Amino acid sequence: MILAVLISFLGGRKNPRLEWLKSLDDLTLVALYRKEQDMLVISVLMDRYQARCTAMTARFIKDKEDVHDFVMETYITLSQKLLTHEITTNFGAWLMIMVKRKLLDRDRGEDIIRAYLEWLRHQDPSYELKPEQAIDRELLHKAINSLEDHERRFVQLFYFEEKTYSEIKALENLTFNQVRGLGDRVRKKLREILKHLMGRMD
């Protein structure tokens, strides 16, 4: 958040370099950032597309403060991805795809949480989640990091990259039954880890 505020501040300053950056097209700015890694370049790019990013985010997230926070996080994500992704055509379209994927990743994380809660209630229908026990993305992050490398790889491919079992089979050189078994074990393990983490909050 501090970085996002700093970027916004830099973006609002009136100086010759800023005015020059604003005169450049998107792809020139991308190339410049890859060369200099100047966060002011990111600020100029995001200023151009902030309204579109906010509108798309608001379709997935209802709370206005959460929308604002998500868009600010996009500054940081963009600064990282531009160093590893080659963009040769439409930067705006690429950015919107990136934002949508981040939003879908967020939803898939919450899907895991909902699946765990459904399982928990199935185990004990009388169980009621206490407000202070609400599972957030931080707990989910801890749970995923507790998995072994090949299990985290499955989570990445299946939940975040939306690969099918058949695609994972080919990528990981596994049989279909091995992929299905891995998926079942990962889901069970995540639920157990989350249950353990929540138990610490009692």
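Buried here means under 20% relative accessible area, exposed over 50% and partly exposed in between, using a 1.4 Å probe on protein chains only. This is a predicted model, in which local features need pLDDT of at least 70 and side-chain atom pairs count only at pLDDT 80 or more, while totals for chains, interfaces and linings use all residues. Residues are numbered from 1 along each chain as its sequence is written, and side-chain values use heavy atoms, with hydrogens and water left out.

Let's start with H5, residues 64–81. Helices are DSSP runs of H or I with at least four residues, numbered from the N terminus. H5 has 18 residues and spans 25 Å from first C-alpha to last, close to the 26 Å expected (1.5 Å times one less than the number of residues). Its buried set is Val67, Phe70, Val71, Met72, Thr74, Tyr75, Thr77, Leu78 and Ser79. An α-helix has 3.6 residues a turn, so residues three or four places apart point the same way.

Now for the packing. Axes are lines fitted to C-alpha atoms over the stretch in contact, and angles run from 0 to 180 degrees between N-to-C directions.

| Helix pair | Axis separation | Angle |
|---|---|---|
| H4 (residues 39–60) and H5 | within 9 Å | roughly 140° |
| H3 (residues 26–36) and H4 | 9 Å | about 155° |

Angles under 35 degrees count as roughly parallel, over 145 as roughly antiparallel, 65 to 115 as roughly perpendicular and the rest as oblique. H4 and H5 are therefore oblique to each other, whereas H3 and H4 come out roughly antiparallel.

Contact means heavy atoms within 4.5 Å. On the H4 side, residues meeting H5 include Met39, Ile42, Met46, Gln50 and Cys53; their H5 partners include Val67, Phe70, Tyr75 and Leu78. Across the other pair, Asp26, Leu29, Val30, Leu32 and Tyr33 of H3 meet H4 residues, among them Met39, Ile42, Leu45 and Arg48.

Aspartate 26 sits in H3 and counts as buried because its relative accessibility is 15%. Leaving aside neighbours within four places in sequence, aspartate 26 is in contact with Leu45, Arg48, Tyr49, Phe91 and Gly92.

Elsewhere, lysine 189 belongs to H10 (residues 176–199). At 24% relative accessibility, lysine 189 is partly exposed. Not counting residues up to four places away in sequence, lysine 189 touches Leu147, Glu148 and Glu151. Leucine 147 is 42 residues from lysine 189 in sequence, with their C-alpha atoms 7.9 Å apart.

Key
Helices (H or I, at least four residues) and strands (E, at least two) are DSSP runs, numbered from the N terminus.
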